[in-house]
Amino acid sequence: MRFKQDFFEQLTGFYSQVYPQPISNPHWLGWSDDAAALIGLSKPNDELLMQLSANHAADGASYYAQVYSGHQFGGYTPRLGDGRSIILGEAIGPHYAWDVALKGGGPTPYSRMGDGRAVMRSAVREFLISEALAALHVPTSRALAVIGSDLPVWREGQETAAITVRLAKSHIRFGHFEYFSYTEKGNNAKLKQLADFTISQHFPHLSTDKAGYIQWFNEVVAATAKMIAHWQSIGFAHGVMNTDNMSILGDSFDFGPFAFLDTFKEDFICNHSDHEGRYAFGQQPGVGFWNLQRLAQALTPLIASDDLVQALNQYQRYLVDHYLLLMEQKLGLAEVKFAQEPSLTDEAIAEQQKQDLQLVGEFTTLLETNQLDYTNSLRRFGELDVSSQKSSLRDDMVDVAKFDHWFARYQQRVGKVDDVANWQRDRNAVNPKYILRNYLAQEAIIAIEEQGDNSKLVQLHQLLRHPFNQHPTMEDFAKRPPEWGQGLIMSCSS
Ligand code: AMP
Ligand code: MG
């Protein structure tokens, strides 16, 4: 790893320098070649294992924990910070420099009552979901590796510690701005310094003046909306959308009790501690907006409130546009619009969007009322001959009459498909066959816990690298969960 230290050198006072504490008997549980390539690495080696388990110092690393605050479940916590994640610096890759962080690397000045560690099950889950989302083309932080150990840690019972080696284009969160706006108020010099750093590092096409700030906030709104549109389109629930878990780049970030929907359920809750359903699947678009409002509030010393409001007002349009784009591709609606009617007026496009949104909404309602699996139902479009009344999708329905009513309008909207095989191939290229179902992650974790065997984890990770492909020997991984694995709700203790 070749590091630069821009955050560390330019933002003194925004972090605490702290050395990670080693984990004993470290061993690779998972390694991502894809993530490694991002920072110019190829294969794992023993020395790297010693460095990433904090047993050896890494050349050129700085080791620091960032300070930030955040709104957690609606309430402001004045100071959070990296309680168990220690950043080594920005590793220079062929296209970007990626922060390398040891999540679970030991206590920091921000650990509060925590031990600074991550348990193996949560480290494995973060590793898998980071790489799985990337393969689904969802903007996300990445995971280079997950490293197991025999260091005991205590949660509900005794478990073992592990480290996820996280790569992120930036670890700057909405909560960073909240911290320097409210908790460490000063004269806003630090808030400005942080905004300038963020812009010059990650939005280099923008200036660090009044006009640049406005444009920057607008881009943050757009990126956040886009990320959430992606989540909604693939049935992903993050579970803990606190403002300290929202990346300023709109990358999916800080994974805990996340889950993919099995059966489609708008009010699905994946977080054991989320009693009110604040972060339920269907709430995510609204929470994204609420979080952006908190960010806007923190930025009022830099950006006039009228400009902030104007940018916030674009959120819904960004989100709906992007969600529709993704869903139109999934259902096979997109090509029609552009191929058949290239000269549509703005009003006609808006009307078509409205109708498509309705068509999509009625489809998900059908899935919900018929208790169907979200991912597998969308995958059925890859088997569909739109001209035929018969389909596997129809066969799945209990309320066939309602489906037929929907399907007639869908057929009309799609129109004539000349090359059915090609149309089906296009659907399969955007509707994954394989997702990280909770029970699959759970099986991989149990094999490690009970037999010290990481082969299931490796197999699952390799499968999820190519979620759109057929893997004939791995059909079982695409199935709905067995009874024990349905509606698994994850605890926040991680
Ligand atoms: P999270 O919900 O994982 O995003 O964590 C919220 C806050 O709690 C962050 O500031 C974390 O760094 C901190 N935290 C979570 N788990 C631990 C732990 N085991 N030790 C120290 N800090 C922790
Ligand atoms: Mg967090």
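This is a predicted model: local features need pLDDT of at least 70, side-chain atom pairs count only at pLDDT 80 or more; totals for chains, interfaces and linings use all residues.
Residues are numbered from 1 along each chain as its sequence is written, and side-chain values use heavy atoms, with hydrogens and water left out.

Let's start with the ligand. Around ligand 1 there are 16 residues (a heavy atom within 4 Å), and Gly81, Gly83, Arg112, Gly116 and Asn245 are the closest. That shell splits into two nonpolar, seven polar and seven charged residues, with Asp, Glu, Lys and Arg counted as charged and Gly among the polar ones.

The table lists polar contacts, meaning pairs of N or O atoms within 3.5 Å.

| Side chain | Ligand 1 atom | Distance |
|---|---|---|
| arginine 84 | nitrogen | 3.2 Å |
| aspartate 115 | nitrogen | 3.0 Å |
| aspartate 254 | oxygen | 3.4 Å |

On its own, ligand 1 exposes 480 Å², and the protein buries 80% of that (Shrake-Rupley method, 1.4 Å probe).

Now for the rings. The structure has 31 aromatic pairs (ring centres within 6.5 Å). Take phenylalanine 14 and phenylalanine 180: their ring centres are 4.4 Å apart and their planes sit at 40°, so the pair is tilted, whereas under 30 degrees would be stacked and over 60 edge-to-face. Phenylalanine 14 is in the loop between helix H1 (6-10) and strand S2 (15-17), and phenylalanine 180 is in helix H5 (residues 174-183), so the pair ties together parts 166 residues apart in sequence. Helices (H or I, at least four residues) and strands (E, at least two) are DSSP runs, numbered from the N terminus.

Key:
Chains are lettered from A and ligands numbered from 1 in the order in which they are written. A polar contact is a pair of N or O atoms within 3.5 Å; within protein, one must be able to donate a hydrogen and the other to accept it, and residues adjacent in sequence count only if both atoms are side-chain atoms. Rings of Phe, Tyr and Trp (its six-membered ring) pair if their centres lie within 6.5 Å; planes under 30 degrees apart count as stacked, over 60 as edge-to-face and the rest as tilted.
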